[in-house]
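Please read the following account with the sequence and the model side by side.

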Amino acid sequence: MLNGVSLDHLRTFVAAADSGSFSAAGRAIGRAQSVVSQTIANLEAQLEVTLFERIGRYPQLTSEGKNLLADARNVVAGADSLKAKAHSFSAGLESELSIVVDIMFPQRCLTDALSSFKDNFPSTSLKLHVEALGRVAELVLNNQCNLGITGTLPFPPPGLATESLFSEEMVTVVTPASRLAIRNGPIAFRELLDETQLVLTDRSSLTNGIDYGVQGTNVWRLADLSAKHAFLRAGLGWGHMPLWLINEDLKEGRLVRIILEGPAAGLLPFQAIYPTNRLPGPAGRWLLERFRTKS
């Protein structure tokens, strides 16, 4: 009997699965725990399937629940996209656009795009934040920013739509005086154990405790990319950096590229993120397209 299944049923189901408990789901969607529990029970009755095992402190998804979760998520996301698209048709030009950009995003691309934005949308005020890792997605999720550009967060959380933009090359560098710089061929992981790796730290609860690109055991964590750049040039350690930022250092010999065994630093793919229920308006869409062309 699927005729009685509503979008509210499915939204509550997804919230409960993502939150890990009925009380947390209630807080996420603004409902009492008892309402969440009753809504889930009604959905189970409609589907004639048990979605959660109510054993222990927290409900656990059954195998059937796990199987149906992706379908429920797709229905909810589709409905949100439909509403967002309809809203974008009726909404006019944004009076204000608030964006958050990953700290690794090429500075020249950002400056050129915003210079053109100012000329094309003089009546739209702009707020710009620059953050790293999970903090980019966090500012979009909590509605502080309409739009985010992320590169160091590979898996944006539920509730955010994504659009691919472009990729930038990442390289691993040290000073010429480092013993790592005089090695011929790839450097083995064991040779890094006594060397200091410089990495960006996270200021967000979304990815706190999750390390991206950390390969050493002696790690210095820095909250600022310019500080990491300065420390690398001072010979305080080795690290992965975007090529656009240290290209002049490589040309002038202040830093040298090294190759490590295993996966290389590779490419950093940038993507736009925004709430699934709130698509970018005309100014935001123009800015995304300008970023995508990098010109």
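Residues 24 or more positions apart account for 72% of the contacts in the protein chain with a separation of 6 or more, where a contact means heavy atoms within 4.5 Å. This is a predicted model, in which local features need pLDDT of at least 70 and side-chain atom pairs count only at pLDDT 80 or more, while totals for chains, interfaces and linings use all residues. Residues are numbered from 1 along each chain as its sequence is written, and side-chain values use heavy atoms, with hydrogens and water left out.

The secondary structure of the protein chain comprises nine helices and 11 strands; these are DSSP runs numbered from the N terminus, with helices being H or I of at least four residues and strands E of at least two. Of the 295 residues in the protein chain, 42% are buried. Buried means under 20% relative accessible area, exposed means over 50%, and partly exposed lies in between, using a 1.4 Å probe and protein chains only.

Now to the helix pair. Two packed helices are described by the angle between their axes and the distance between the axes. Helix 5 (residues 107-120) and helix 9 (residues 282-293) have axes that come within 10 Å and cross at roughly 145°. Such axes are lines fitted to C-alpha atoms, for helices over the stretch in contact, and the angles run from 0 to 180 degrees between N-to-C directions. The crossing of helix 5 with helix 9 is right-handed; a crossing is right-handed if the near helix is turned clockwise from the far one by less than a right angle, and left-handed if anticlockwise. From helix 5, C109, L110, D112, A113, L114, S116, F117 and N120 take part, and they meet A283, W286, L287, R290 and F291 of helix 9. Sorted by class, this contact between helix 5 and helix 9 has nine nonpolar, two polar and two charged residues. Here Ala, Val, Leu, Ile, Met, Phe, Trp, Tyr, Cys and Pro count as nonpolar, Asp, Glu, Lys and Arg as charged, and the others, Gly among them, as polar.

C109 belongs to helix 5 and counts as buried because its relative accessibility is 10%. Not counting residues up to four places away in sequence, C109 touches F166, F291 and K294. C109 and T293 are 184 residues apart in sequence, yet their C-alpha atoms are 9.3 Å apart in space.

The largest pocket has a volume of about 920 Å³. On a 1 Å grid over the protein atoms alone, a pocket is an open set of points with protein on both sides within 12 Å along at least five of seven lines, whereas a cavity is a set of points where a 1.4 Å probe fits but cannot get out; lining residues have an atom within 4 Å of a point. Grid points are joined across faces, edges and corners, and the volume is the space filled by probe spheres set on the points. The largest pocket has 27 lining residues, and V14, D18, D80, P158 and G159 lie nearest its centre. Two or more lining residues each come from helix 1 (7-19), helix 2 (22-29), helix 4 (63-90) and helix 6 (134-141). Helix 1 gives the largest share of the lining, seven residues. By class, the lining of the largest pocket has 12 nonpolar, seven polar and eight charged residues.

In helix 2, F22, A24, A25 and G26 are buried. The cover over the buried residues of helix 2 includes helix 1, helix 3 (33-47) and strand 1 (52-53). Just after helix 2, G30 has a positive phi of about 75°.

Most residues other than glycine have a negative phi. L133, not a glycine, has a positive phi of about 55°. L133 sits in the loop between strand 4 (125-131) and helix 6 and is buried, at 9% relative accessibility. N143 also has a positive phi, near 70°, and lies in the loop between helix 6 and strand 5 (147-150). N143 is exposed, with a relative accessible area of 53%.

S98 is in strand 3 (residues 96-102) and is buried at 4% relative accessibility. Beyond four places in sequence, S98 touches K127, H129, Q144, C145, N146 and L147. R257 is in strand 10 (residues 256-258) and is partly exposed, at 43% relative accessibility. R257 and T172, 85 residues apart in sequence, are 5.7 Å apart in space, C-alpha to C-alpha.
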